[in-house]
Structures are given as C-alpha cells and as structure tokens.
Number of protein chains: 2
Amino acid sequence: MVARYERIADDLREEILAGVHPVGAQLPSEAELAARHRAARGTVRQAVAVLVAEGLVGSRQGARRIVLGNARSQSFAELHSFAQWARANGYRFGGQVILQRRRPPSAVEAARLGAEEVLDVLRIRSLEGEPVLVERTAYASWIAAAVEALPPDCESVTEALYDSSGLVFAYGEHLIDAVPAGAQDARLLGIRRGSPLLRQRRVTTTYEGRPVECSDDRYRAGSVAFSIRNSLVANPLVRRAGDLHFGA
Amino acid sequence: MVARYERIADDLREEILAGVHPVGAQLPSEAELAARHRAARGTVRQAVAVLVAEGLVGSRQGARRIVLGNARSQSFAELHSFAQWARANGYRFGGQVILQRRRPPSAVEAARLGAEEVLDVLRIRSLEGEPVLVERTAYASWIAAAVEALPPDCESVTEALYDSSGLVFAYGEHLIDAVPAGAQDARLLGIRRGSPLLRQRRVTTTYEGRPVECSDDRYRAGSVAFSIRNSLVANPLVRRAGDLHFGA
DNA sequence: TAGGGGAACTTGTACAAACAAGCGAGCACC
DNA sequence: GGTGCTCGCTTGTTTGTACAAGTTCCCCTA
C-alpha cells in the first residue's frame, strides 16, 4: 500500500521527467493539484515536499513552484552500494575480495564501531570491465560471520547481507575528499602511484543506530563523480530583504 | 518572526549538540514534545522533520526516534560560498582575482547559462595563509557588470553581490570528483603538477531559476573534505558515472 | 510614462481530529 | 525455556480549517 502523497509525487515527477513541465516552468498550484487528485491540500504539500527534497523543484512563499531539473537524482541505496548504483544505471560491474582477515580495530574504528575486533575486507570493484574502485571495509564483529560466509566474488554485499541476515543499512555518514594513490591502490587499479583518487569514507548504521561498517572507498579519477542538488530553503540565509533599499 | 516549529527544532538540536540526548539515545515522543512546548503534534512533527533532514535524527514508524549524530552538517551557504564556510568555522581566509575578462561561452556554459557572453574570473583562495583553492567562474552576462565592480581582493563574492545587486544564490547543482593538477593549478597552489585536487563544479541559479554562474573549484588535497549524512528516507547526494560532460 | 496601492493568488504556519501501521514488552501457553 | 500473541505506545497518513506572509499583476494617479 503506497501512500497517497507518494502516488501524487510519482505522478508529478513523471510529468517533469517527461517534459510536461520543462525546466524553468511553473508547477500547477497546490489548489489545482489538490482538485486534480481529489486530495487535501496538506497531502499535496507533502507530495511536493518530496520533489523539493529531491532537488527537482524549487519552492518559495508567495510564488508558484518552479522546475529546477529533469534528471532523476536517486537514493541512499545508490550512494551506499556500488552494485545497486551500477545496476540502476545499467552498467556492467563486478567485484572481488583480495584480502579478508580479522584484526583489532584502529582507534578510529573502535570509536565508530564500538567493537573489540573487526573484520577487515579489501575488495576491488570494476565498471565496464575496468577496475575503478578499491574498497577497504571494517565490519563490526557482530556481522563478521555473515560477511565471511559470502562468496569472494559477491556482486552486492548489501543485498547478500540483507538476504542472509535481514541486515538493512539505514543511515550513513560520508566524508569525501581527494588523495594520491598509494602503492597498493596503484597496483590494484592499474594506475601510477600518486595519481588522484576520489575517496569516500563512510560509517553505516542500522535503523537502531547500531554501527555496521566503516569503509574507505577510493575511485579512480574520472570514473565516478558525486552530484548534489541543493537549495537555500533547507538552510535559510539569516539576512532578509529590506537591507536592499539601503545597501549601496 | 521565527516559526514555531523552527524554535522547537532549534531547542531539540541544541539539546542534542549539548549531549542531553547522546548519540544512540531515544528522543522524547511526539506527544511528550507537544505537551512540553504546548504545540500541536503536527507542529512538532515539522520540527523533528528538520532534524531528520539534517541527518541528526533517525525516524521509523512505530519506534521512538533515535539520535544519529551530534555535529551540524554542511549548509547550502557553506557549500556554495567558500567565505561563508570558512567564516562559520572560524578560519582565517582570503581571496584574490588573478584574471578577469569577458569572452564567448563554451558550449557547456552556453547551454547552462543561456548567455551570448560570459565574464570569466580566475580566483585564488587561501585558508590560514595557505593557498588551497583555485576558482574558475563564468558569470552570466546580466550580472557581469556587478562582478566587475567588485574589488579584486573581495572576501565574499556571494555577500558582495547580495549587497550591491540584491542577488541571492538560491539553488545549486554540484558535481564532485578528483582531478590531477594542471600547470596553472600547480603554479597557483604551489604544488606539483599531477597532484590530486578535489574538484567541485557547480551551476547556481536564482530563486526564479535563472542561472547565475558556472564554476570549477579545485581544492588542494587534504585541505577540505565534503561531509554528507544521509538515510534510506532522504538524501541529496548522488553518484554519477565518469566521462562527465557537465550537466548533460 | 513612471510609480504607488491594492486585490487576487500562492505558499507557509498552526491547530485539531481520526485512523493506519509498525514496534516492543509482557503475558500466557506449550 | 521458548514461542507466539495481544495490547499499549509511537510514528505515519489524511482531511479540514484558519490565518500569515510573500508575489504578481492590474489599475489608478501624479
């Protein structure tokens, strides 16, 4: 059973992606959408809020909403799971465990995962036949056994862990920066040492807030980029119009 | 006049940051919060939604909300404006225009800005006295004159343009990846050619959806990282495949 | 013609009420 | 002991109403 507002949001999104509402155009008013879908205004507002959060639509008090983009920007799953992202975008991809062992956690890992022992896994991932990603993940000990049970060439660890243990990765914190390739990175990716890599460090937790893994993913430059669409609305500027008449 | 739900959200955020609700702990129920603040449940829900969107709090049906983090994540202003980010974090910073000229737009810029001519500005930015950022921005012609009127060592272009023209950067689309430093990058940042740089390309528009600028910012590795906190429910960040013609 | 004043429209905030759906703890039963 | 079930609590969805606040555009006036 999908919620009413989700169906309305889906309808609207589809219209936007189909070009019914081109970029820069105005969306129908809440009242009109409410009438069209025979829903209360609150429900329509909830639907539009979804699109605003996705960055597809811009909204400000008093003016009609406008269309900001027409590309589907997608979900947590894509950001978290290389496999889900690659599959959703129709890429050929693969993965291979290079090294896997239990060891005591580093100071950072101990603080993040709160574990006495972690399962350290080194994976290499490929896209369209080319190696693009070196993944170093430390799993909390309570999930280690399930990870060890996976085949070394497991395509999607996220999905495999869900199937085998019902584990759901629900929240993540990500740090993105650039680093030069180390000796091991260079060998695994087939590039020169010191080449630029896009690094994504993350900590993932379950719904209950229990930390699951702590990972350091390094992408070959040019293979992958991160995209963000955002707006002032979520974090309003402190200044207000009115300075306008006096300022310069 | 601040909205009621914003005050409630601020209160809650403050409590979380102060450690009243430590990471992993449960938040008071909506009913309790409503009683405490003498507000309707809907208002409280709106307040909590803010924190959920910020990634501070996790929420799922049936269970009490839990605290996910105790650090504020990046705001739009911080992501958009180097100066505002640096100031908010208490860093010493500076800026200097290296080159500024009008020129015809590239194909990409023409498509994104819809202009016949752009103002091309090359800026270098420093943090704690060290040069960390090379900024190449193409401004749409309708704002070019205002940009040219700014002093070459203008600290915050965003704020200066707001003061002089009432211009507000409202929406942004950002692409983040890693690239090797070119000859000019290397010279300006005082690093070796080929060193890793964290690149943030962005297009910014006004409230009306009118494109203002198209920029290519390159950070020295190690100087800056982007941080994102997300959940299964909502997240703003998306991964994109390489070979990225910007915005296509 | 330029500018001010409104009126109509549109989104934002707040309250109240009701039901649906999921979670967790405790209880009874085997 | 453990398994399954029920019940109360909590969050999710939906509707309705009222007012506040900002935008847009037309019309009237100077």
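## Helix H1 of chain B

In H1(B), the buried positions are B:Tyr5, B:Ile8, B:Ala9, B:Leu12 and B:Ile16. Because these residues cover an arc of only 100 degrees around the axis, they lie on the same side of H1(B). This description rests on a predicted model. An α-helix has 3.6 residues a turn, so residues three or four places apart point the same way. B:Glu14 and B:Ala18, on the other side of H1(B), are exposed.

The helix comprises 15 residues, 4-18 of chain B, and its first and last C-alpha atoms are 21 Å apart, close to the 21 Å expected at 1.5 Å a residue. Its buried residues pack against three elements of chain B: helix H2 (30-37), helix H3 (41-54) and strand S2 (66-67). Just after H1(B), B:Gly19 adopts a positive phi of about 90 degrees.

## Nonpolar core

The largest nonpolar core contains 37 residues. Those with the most contacts inside this core come from both chains: A:Ala178, A:Leu197, A:Leu198 and A:Tyr219, together with B:Ala178, B:Leu197 and B:Leu198. Leaving aside residues up to four places away in sequence, B:Leu198 touches A:Asp177 and A:Ala178 in chain A, and B:Ala178, B:Tyr219, B:Ala221 and B:Val224 in chain B.

## Surface near DNA strand C

Around DNA strand C there are 20 residues, of which A:Ser29, A:Gln61, B:Arg4, B:Thr43 and B:Gly62 come nearest. By type, the residues of this surface comprise seven nonpolar, eight polar and five charged.

At least two residues of the surface are supplied by each of the following: helix H2 (30-37), strand S1 (57-60) and strand S2 (63-67) of chain A, and H1 and H3 of chain B.

Methods. Residues are numbered from 1 along each chain as its sequence is written. Chains are lettered from A and ligands numbered from 1 in the order in which they are written. This is a predicted model: local features need pLDDT of at least 70, side-chain atom pairs count only at pLDDT 80 or more; totals for chains, interfaces and linings use all residues. Helices (H or I, at least four residues) and strands (E, at least two) are DSSP runs, numbered from the N terminus. The expected span of a helix is 1.5 Å times one less than its number of residues. A residue is buried if 20 or more other C-beta atoms lie within 10 Å of its own, exposed if 12 or fewer, and partly exposed in between; C-beta atoms are placed from the backbone. The arc is that of the directions from the helix axis to the C-beta atoms. Two residues are in contact if their C-beta atoms, placed from the backbone, lie within 7 Å. A nonpolar core is a set of buried Ala, Val, Leu, Ile, Met, Phe, Trp, Tyr and Cys residues joined through C-beta atoms within 7 Å. A residue is near a molecule or strand if its C-beta atom, placed from the backbone, lies within 6 Å of it. Ala, Val, Leu, Ile, Met, Phe, Trp, Tyr, Cys and Pro count as nonpolar, Asp, Glu, Lys and Arg as charged, and the others, Gly among them, as polar.
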